[in-house]
Amino acid sequence: MEKRAHVLFGVFGPLLVYLSILASLVLSPWFSWETNALSDLGHPVTSDVAWIFNLGLLFAGFFLMIYATTVFKKHAKYSSFCLLVSTFFVQLLAAINESYGSLHYVVAVPHFVMLIITSVVYTVEKRSTFALVTFLIVMFSWLIYVLNIFNIGIAVPETVSKLVLLWIMYSAIKIYLGKE
């Protein structure tokens, strides 16, 4: 039973990220995809939904940390370490929100880098086409943003980066069903 619960953290963690971001966006009519970062939703002074956004990240990071250190570690040893590091930075993002100024970016950048690295490591370790596809989509979105091809804010590639969570959920479901 314990193993099954830990596997479900690999599903509930990503779902919580998606739900907290979605709820925060729905409740923030001021948010602009052209000018805002997702972290603007977590600023405790300027955002009424900061508690939703930050608690969602905090608990999602905790759930994914449990998943990474238990069941996922047995499934994909190297990827689980990368996921663990990424989840640590997610929790730091929730605690060190934008009100901390540049310190926030010191934890935000490694989080996104670790999400990308986790996808690459999982692609190689498990020969996962799904992880490879999410990695390519994420990299393409960051490229579009960096090259300023469209008038989009950083929230767009930040949001697209959360596609990585789909293959994490998929891996957890496969483990749960005994197909991995």
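Helices here are DSSP runs of H or I with at least four residues, strands are runs of E with at least two, and both are numbered from the N terminus.

First, a word on the source. This is a predicted model, where local features need pLDDT of at least 70 and side-chain atom pairs count only at pLDDT 80 or more, while totals for chains, interfaces and linings use all residues. Residues are numbered from 1 along each chain as its sequence is written, and side-chain values use heavy atoms, with hydrogens and water left out.

Let's start with helix α4, residues 77–95. Its 19 residues reach 28 Å from first C-alpha to last, close to the 27 Å expected at 1.5 Å a residue; the expected span is 1.5 Å times one less than the number of residues. Buried means under 20% relative accessible area, exposed over 50%, and partly exposed in between, with a 1.4 Å probe and protein chains only. Among the buried residues of α4 are S80, L83, F89 and V90. What covers them? The cover of the buried residues in α4 includes α2, α3, α5 and α8. By contrast, F81 counts as exposed, at 55% relative accessibility.

Now for the inside. A nonpolar core is a set of buried Ala, Val, Leu, Ile, Met, Phe, Trp, Tyr and Cys residues joined through side-chain atoms within 4.5 Å. The largest one has 40 residues, and F72 and W167 are among those with the most contacts inside it. Helix α2 gives the largest share of this core, eight residues. A second, separate core of five residues includes F89, I96, V107 and A108. Back to F72: leaving aside residues up to four places away in sequence, F72 touches Y67, L83 and W167, among others, where contact means heavy atoms within 4.5 Å.

Finally, the loops. Which loop holds R127? R127 lies between α5 and α6, and its phi is near 50°, a positive value in a residue other than glycine. R127 is exposed too, with a relative accessible area of 72%. In the loop between α6 and α7 we find N148, with phi near 55°, again positive in a residue other than glycine. I149 is in the loop between α6 and α7 as well.
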